[in-house]
Each structure stands twice: as C-alpha cells, then as structure tokens.
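Look at the sequence and the model shown here.

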Amino acid sequence: MSDNFVSKHSKYKSFDELLSSSPFTVETAEDFEAMPDDEWDSYINQNTDYDSWKEMQVKAFEYYAKKQIEKGL
C-alpha cells in the first residue's frame, strides 16, 4: 500500500503512520494478523475514506494497477 495512496485517503502520510496511530501494538506480521478484524475495520472506517480494511485493500490494488498501466503507456 503506497504512501501516496494512504495520504490521499486518510490524514496519514503512510501506512506505517496509519498503523502506529491505531490503538494496536503491531511489531510483527503475526501481531497484525492477530488484531480483531471488527476493531481494525472500525479504525479504518473512522480514519480513512473506506468502510473496511478489505475495501481499502481492493482500492489500493486498483490504484497500484492503474499506476502500473499508466507507466506502460
């Protein structure tokens, strides 16, 4: 998830900043996976333009794919 995408769709400059500002302590991938989905979705809903983490991931991928296609043109 690019910093540009996160900064466009939240008040944070990067995903790391979004994550570190959350109420969760995440130091490893396992910590991230262990977060309660409903609480993480609620945080994403309150702090980004998206209703859920899944929606944000889909939109981030679409953004990335569009940028890659534009590079090729």
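**Charged pairs and helices**

Lys-66 and Glu-70 form a salt bridge, with their closest N and O atoms 3.8 Å apart. A salt bridge here is a side-chain nitrogen of Lys or Arg within 4 Å of a carboxyl oxygen of Asp or Glu. Side chains of opposite charge can pair when their charged atoms come close. The model is a predicted one, in which local features need pLDDT of at least 70 and side-chain atom pairs count only at pLDDT 80 or more, while totals for chains, interfaces and linings use all residues. Residues are numbered from 1 along each chain as its sequence is written, and side-chain values use heavy atoms, leaving out hydrogens and water.

Both Lys-66 and Glu-70 lie in helix α5, four residues apart, which is about one turn of the helix. An α-helix has 3.6 residues a turn, so residues three or four places apart point the same way. Lys-66 is exposed, at 51% relative accessible area, while Glu-70 is partly exposed at 38%. Buried means under 20% relative accessible area, exposed means over 50%, and partly exposed lies in between (1.4 Å probe, protein chains only).

Glu-70 also forms a salt bridge with Lys-67, again with 3.8 Å between the closest N and O atoms. How many salt bridges does a search of the whole structure find? The search finds three. Among them is the one between Lys-59 and Glu-62, at 3.5 Å from N to O. These two residues are three apart in helix α5, about one helical turn.

Now take the chain as a whole. Its secondary structure comes to five helices and zero strands. Helices (H or I, at least four residues) and strands (E, at least two) are DSSP runs, numbered from the N terminus. Of the 73 residues, 32% count as buried.

Helix α4, residues 37-47, shows where some of the buried residues sit. Its buried residues are Trp-40, Tyr-43, Ile-44 and Asn-47. They lie on the same side of α4 because they cover an arc of only 100° around the axis, the arc being that of the directions from the helix axis to the C-beta atoms. On the other side of α4, Asp-38 and Gln-46 are exposed. The cover over the buried residues of α4 includes α1 (3-9), α2 (15-20), α3 (29-34) and α5 (53-72), where contact means heavy atoms within 4.5 Å.
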